[in-house]
Amino acid sequence: MALSWILLTLLALAVLGYFAGRSRALASAEGDARALHSLPSYYGYNVALTALVPALGLLILWLLVQPLIVNNTVSGMIPDTAIAEGSDRGLVMSEVRRVAYGLDGAIASGLLSEVQARNADADIEALTQSLKDAGQVLTQDISKPILLAAQKYRSMTSTGSTAMQIMVLVVALLGAAFAYIRTHREFRARNVVEQGILALLLLAASIAILTTVGIVLSMLFETMNFFQLHSWKDFFFGSTWAPNFRGGSELSILPLLWGTLYISVIALLVAVPIGLFAAIYLSEYATGATRSIAKPLLEILAGIPTIVYGLFALLTVGPALVSLFGDGGALGLGWMASSNAVLTAGLVMGIMLIPFVSSLSDDIINAVPQSMRDGSLGLGATKSETVRQVVLPAALPGIVGAILLAASRAIGETMIVVMAAGAIAKFSGNPFEAMTTITTRIVSQLTGDTDFASPETLVAFALGLTLFVITLGLNIFALYIVRKYREQYE
Amino acid sequence: MTDISQSPGASSAAKPKGSLFDKDARTKRRNAAEGRFKLYGIAAIGIGLLMLIVLVTNIVTAGTGAFQQSFLELNVELKEDKLDKKGNRNIEDIKKVSTFGYAPLIASALESEVQKLGIQTDLKPKEMGKILSKAAQAELRNYVIANPDEIGKTVSFRFLVNSRVDGYMKGRVTRESIANDKSISVAQLDVVDQLRDSGVLYKAFNPDFIFGSDASDQRPEAAGIGVSMLGSLFMMFVVLALALPIGVAASIYLEEFAPQNRLTDIIEVNISNLAAVPSIVFGILGLAVFINYMHLPTSAPLVGGLVLTLMTLPTIIISTRASLKAVPPSIRDAALGVGASKMQSVFHHVLPLAAPGILTGTIIGLAQALGETAPLLLIGMVGFIASNPPDGIVAGFLSPNSAMPAQIYEWSKRADPAFYERAWGGIIILLIFLVTMNTIAVILRRRFERRW
């Protein structure tokens, strides 16, 4: 593969540059390292970094930009007539790419010569046959414009990657030569190297920004595509979720939001009382020994992957609930038809959130100064009165923050609801019915065969963006509450 | 408590009716409330721990079955007229016999075994052959292709049995529950009973579950988690190779060099937000950027690793910063005092002292990434049958594979209940990995952490 060779060459160049720079620096000082401005190794690092970093930067940039340019040029070549009814440019482009890869594969397996593959007037039937012989996957018969586009795609890609290799090597060599020539006993190599490293550190720290920008942009673009195909009014204010891949689907977020919130509320009803009381007991009543055993044990619940909770809900809690509340169940109520239900998902999610609420609240309760408890106890209040009337009010903003964070976790939780909540989108208050959530729908719209031109697929990005905004809003709100209402003790 | 001093109890204190040690009704009420409150706390912790116990017992009882499998020992005569009609042991000719061609051999071997043991049954050999797994034919074929010289001899094999028979051996399937089941009949179970009594059919440890590959819907008894374990391993390599250096570099910048300015603030806010973004959003990012834009291969561990890297970075950055912060300033001052530059003081003195903490944080971050499922669903690591181990290191990163949690999810969706046992078994393996990683992290912390 060309990429690994170029990386190896760059590395070799850097190692070579290190030794060359180091020995040149020593030579300029006539072998006396004390006469140099910096330690000899810094001169070596300087050459190595100057050779490596700009070249790598160029490589990454090229790899990112080249597909964009090639795609734009090639898709501009495809006449509108070549795009079939009900299809779009993106689909045709993926066909073009497939043909191009097919040609590559056929050449690699020796069934096609390079000249044949480049021949613009090639007999299309013969070419299709030889591609099929080579075991390449083609979804439709190749048409003339697609073949031309694929040939253009191949030639541009191969020219591009040759140019990239040459350019990257030239930049690396130029960098090495520049740094090598600059190497002299007076040259402040350490300062230059440290500046360079600092820039790299800053770059690493900026990846966090890049990720956020990536998340927002990737979802924003597709969401805008979605709103061109589907009315935003229906998405935000409609009342039905009924995706239909033949078109005419109703895609409203409200029923999904209802399911999400309902399940989250049940989860919080389980997690908040249990977590809060556990935190109070652990921080106010428990002896050191109890605390050192119970706290880590509870936190194990937080370390268990969500897939385990999902399976637990699907295979254990759901059937158990059905045998209690279902037809012919122990209570004889007949309320619950299937093990997929709001209650199942909510209960299990609540168990998952217990340690989340308890350890956050525990920290907050511990932060309330002991003098306040002592004051209250000194006035004759019992321990529970102290907790209820002094400690909890003081810790309230932090606890509310913790609950909001738990709510944001519950809303964004995926595996439990995918496995246990069901797939029916509706407004209903019955916790024994199956309901669906935003995350469940994202998963079901984006897995399997997806067509990135239909609103039914693109709606997942709009849902994702909404989810992102909701959870982000909750987190920021939680931080705001904690900061604004926190009592400052000193 | 102002209300206490103004309460009726205070006025009655002027005329004491009895001893101070007699508790009045109010005190009793308050003490009862105290007791109740404490009880709520104990109950809350009790519920939490009970849930943990229920969960763990459930996993263990439901999952241990997957590590055992029922096998049937048979002596199969590898008949030359069926397998190699020309008799010249040409490997191409032998390969022409499909797996179906091996079914009669197995059926007749089973029939002769049944006759030898004196088991009475009305079943035809073909029906009886269904006791065995469909994987048995493939196993036999692979053996013959690997050892063509054995044709014509009688070889002893240990075959997997059908998942229903296996379920019967484990008690999951009963004679009542198979009333509507087309793939097994009571007559077959009668034969199974007698085979078991004579010791030919038995349960044994099944290493193929741990090291083997996934199997299609029809053969739950042959499915294993080994290939998806490799997928997870390759993903963890990517996460380790990217998240550790980037995370450490970012933490060093923020903790040691960052000036108080707008950019630093933005970076800090971003990192704390990313830590709270739902994992599925990272999956959407991976799908949009790595697969749709960069055209990296779908389902590849490389893509999964990249997505999980972005997800783990905040965790690693937060813990690395904490351990950098824990190194006392005197170390930095001493280094600066003997003439080191700021960069030298960080890389030569602060970083080595913070290394155990960084390592601990990284292991915990990796453990988190190992169990994460939701983003993997979106980049196509589910719905894929991980039937072949990757051939080579580059293929390990780039060719489609599954991952342990994705494999578990995949099994939980399949129709045959025999897969549920596999899913629980997979969870046991996953949890063993997680417990090991966390234990290593705790040991590292205990062993190397220095307190100043």
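**Stop 1: a domain interface**

Select domain 2 of chain A and domain 3 of chain A: together they bury about 840 Å², 88% of it on carbon and sulfur atoms. Buried area here is the accessible area (1.4 Å probe) that two parts lose on being put together, summed over both. This is a predicted model, where local features need pLDDT of at least 70 and side-chain atom pairs pLDDT 80 or more, while totals for chains, interfaces and linings use all residues. Residues count from 1 along each chain as its sequence is written, chains are lettered from A and ligands numbered from 1 in the order written, and side-chain values use heavy atoms, leaving out hydrogens and water.

For the selection ranges, chain A splits into domain 1 (2-186), domain 2 (188-227) and domain 3 (250-485), with bounds from an automatic or database domain assignment. The centres of domains 2 and 3 of chain A, taken over C-alpha atoms, are 33 Å apart. Each of these two domains brings nine residues to the contact (heavy atoms within 4.5 Å).

**Stop 2: rings**

Stay on Phe226(A): it belongs to one aromatic cluster with Phe227(A), Trp232(A), Phe235(A), Phe236(A) and Phe237(A).

Over all chains there are 23 aromatic pairs (ring centres of Phe, Tyr or the six-membered ring of Trp within 6.5 Å; planes under 30 degrees apart are stacked, over 60 edge-to-face, the rest tilted). Pick Phe277(A) and Phe37(B): their ring centres are 5.7 Å apart and their planes at 65°, so the pair is edge-to-face. Phe37(B) is buried at 7% relative accessible area, whereas Phe277(A), at 25%, is partly exposed (buried is under 20%, exposed over 50%, partly exposed in between; 1.4 Å probe, protein chains only).

Next, select Phe325(A) and Phe432(A), a tilted pair with 4.9 Å centre to centre and 50° between the planes. Phe325(A) is buried at 17%, and Phe432(A) is buried at 12%.

**Stop 3: charges over rings**

Finish with Arg158(B), whose charged end sits over the ring of Phe71(B), 3.8 Å from its centre (NZ of Lys or CZ of Arg within 6 Å of the ring centre and within 35 degrees of the ring normal).
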